[in-house]
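User: Hey, I've got a model open and could use a hand finding my way around. Can we go through it bit by bit?

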Amino acid sequence: MSYNIIDLTVNEKQLESAVERAREKEIVIPTFAEMKDPSKVPAKIKEKLGSVGLWDVDPLNLFRITWKNEPVKDGGLYDGVNFVELPESLTGVKARIFALVGKWFPTGAHKVGATFGCLAPRLVTGQFDPVNQRAVWPSTGNYCRGGAYNAQLLGCESIAILPEGMSRERFDWLKKVAGEVIATPGSESNVKEIFDKTWELRKTRDNVVIFNQFDEMGNPLWHYVVTGNAIEEMLKQVMGKDDRYFGCAFTTGSAGTIACGDYMKELFPASKIAASEALQCPTLLWNGWGAHRIEGIGDKHVPWVHNVKNTDMIIDVDDEDSMAWIRLFNEPAGRDYLKKKGVPEDLVDSLDLVGISGAANIISCIKMAKYYELTEKDVLVTVLTDSMELYNSRLAEMEEEYGPYGEIDAAVDFHQHIRGLSVDYMQELSYRDRKRVHDLKYYTWVEQQGKSMEELDAQWYDAENYWGEIHGMADKIDEKIREFNDKTGLLK
């Protein structure tokens, strides 16, 4: 059965307008294949990138939506997968833990890839007209930053929607890029309030197009194709002949990144996928709710795009642990203490690559390693979604609340919040456990957001075909992208 999950129907009139805008702004759209393998990027594009900064609002930076950028802020090309290994001296577990680094994307966060996955299919089919329509990016932070950035490249007005309690850095940057910024009530876990605002915009404005990361399948598709490939390439580089890829763990947020686990399961069928969330908002674990401080993950619902049937474990992370990590990793006394404990100096000096949700991802891997009693032959993978560049205001807030950070604080945080991590608040999922989590989608998506029961059932009872159709869409989208670029004539 075909589900037409990512609609590639062409609107010829709006497509003509989009092509004209791209021609006017000299915008070439990259393909999924080029983001996966930047060696395929046209030579004329690479020549021009040498004079473009990583965060510049320049259409050429669309070709930096990849995990393989050279890790520099100006003029870089491509230099293989950006990743770090977190050794036992830091994690306290024997398993090898690797994390892809999100800092070296435009905007400093990997969410710019998810926004591309949602925007590109509609742009190159004419379903979105950047001249006459406004792009709406509902988010808890980085997604609307990435969306507003991509829209700005198109010369398109955008509307960013995010909770008022997010970090100051997010709002400061959005004011420069987004045409309109709407702050909704609450903080990280107040996703319904964002959805309510999008419905209000739909009903009151006739020129808006909603790009909702929580239900747009371009989000997990981008991660399945691009992040999955990056992990595969990294593992070929770091694994020995006796090593075993055991699995991956990700805070779910919009449940886009976790789709790379589906890709990895096709390569390693026995591997496991863990979905993480904040303990303070235990929706997956206990059908619970609450507020938390792990910026970058939204809760109180199960995203429509989450392939729950392929998820093996739920891990809840205490936000006290994540917040302690970012002080330990960034305060001078914390870094000095880590070096005294034998953590390699070059790693310690680069720990600002770990943002708050990145810390939660590593914590998830540590808990997973302890639960399964993994050895030095086992490999776990996660991602660092962004870096501390987006959270320096949080460090200032914690210093104001708790006072200066000294060696005793570092010792407490190291032993309590790293070495003291345990296997509490975790669940290995049976068939019925997975079905319970999947069924939670009904309340958000069928009752509130207008999805059909038929498609909800298809995600579960026809899962192989349903998710397989999504995973096979990249080549079809790439064909449309090439046709779009041909129409602009910019690559001739």
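User: Let's start with T107. Is it buried or exposed?
Analyst: T107 is buried, because its relative accessibility is 1%. Keep in mind that this is a predicted model.

User: Where does T107 sit?
Analyst: In the loop between β2 (96–101) and α5. T107 isn't a glycine, yet its phi is positive, about 75 degrees.

User: What is the phi of E373, then?
Analyst: E373 has a positive phi as well, near 50 degrees, and is not a glycine. You'll find E373 in the loop between α15 (356–371) and β10 (378–384).

User: And is E373 buried or exposed?
Analyst: E373 is exposed, because its relative accessible area is 69%. T107, by contrast, is buried at 1%.

User: OK, on to the helices. What does α5 do next to α6?
Analyst: The axes of α5 and α6 (residues 142–153) come within 8 Å, crossing at roughly 60 degrees. The two helices are therefore oblique to each other, and their crossing is right-handed.

User: Which residues meet there?
Analyst: From α5 you have K111, V112, A114, T115, F116, C118 and L119. On the α6 side they meet N142, Y143, G146, G147, Y149 and N150. By class, that contact has seven nonpolar, five polar and one charged residues.

User: How does α5 cross α22?
Analyst: At roughly 55 degrees, with the axes coming within 9 Å. So α5 and α22 are oblique too, but this crossing is left-handed. The α5 residues in the contact are F116, P121, L123, V124 and T125, and those of α22 are I477, K480, I481 and F484. Sorted by class, the contact has seven nonpolar, one polar and one charged residues.

User: I saw F116 go by in that list. Where else does F116 turn up?
Analyst: F116 is also among the α5 residues that meet α6.

User: What else packs against α5 and α22?
Analyst: The buried residues of α1 do; they pack against α5 (111–125) and α22 (474–488). Those buried α1 residues are Q14, L15, S17, A18, V19, R21 and A22.

User: How long is α1?
Analyst: α1 covers residues 12–25, which is 14 residues, and reaches 20 Å from its first C-alpha to its last. That is close to the 20 Å expected at 1.5 Å a residue.

User: What follows α1?
Analyst: E26 does, with a positive phi near 55 degrees.

User: New topic: how do α12 and α13 sit relative to each other?
Analyst: They are roughly perpendicular, because their axes cross at roughly 80 degrees. Those axes come within 4 Å; α12 is residues 319–330 and α13 is residues 332–340. L328, F329 and N330 in α12 meet P332, G334, R335 and L338 in α13. By class, this contact has four nonpolar, two polar and one charged residues.

User: Last one: I362. What does I362 touch?
Analyst: Leaving aside neighbours within four places in sequence, I362 is in contact with L86, W325, V354, T382 and L384. I362 belongs to helix α15 and is buried, because its relative accessible area is 1%.

How values were computed
Residues are numbered from 1 along each chain as its sequence is written. This is a predicted model: local features need pLDDT of at least 70, side-chain atom pairs count only at pLDDT 80 or more; totals for chains, interfaces and linings use all residues. Side-chain values use heavy atoms; hydrogens and water are left out. The expected span of a helix is 1.5 Å times one less than its number of residues. Buried means under 20% relative accessible area, exposed over 50%, partly exposed in between (1.4 Å probe, protein chains only). Contact means heavy atoms within 4.5 Å. Axes are lines fitted to C-alpha atoms, for helices over the stretch in contact, and angles run from 0 to 180 degrees between N-to-C directions. Angles under 35 degrees count as roughly parallel, over 145 as roughly antiparallel, 65 to 115 as roughly perpendicular and the rest as oblique. A crossing is left-handed if the near helix is turned anticlockwise from the far one by less than a right angle, and right-handed if clockwise. Ala, Val, Leu, Ile, Met, Phe, Trp, Tyr, Cys and Pro count as nonpolar, Asp, Glu, Lys and Arg as charged, and the others, Gly among them, as polar.
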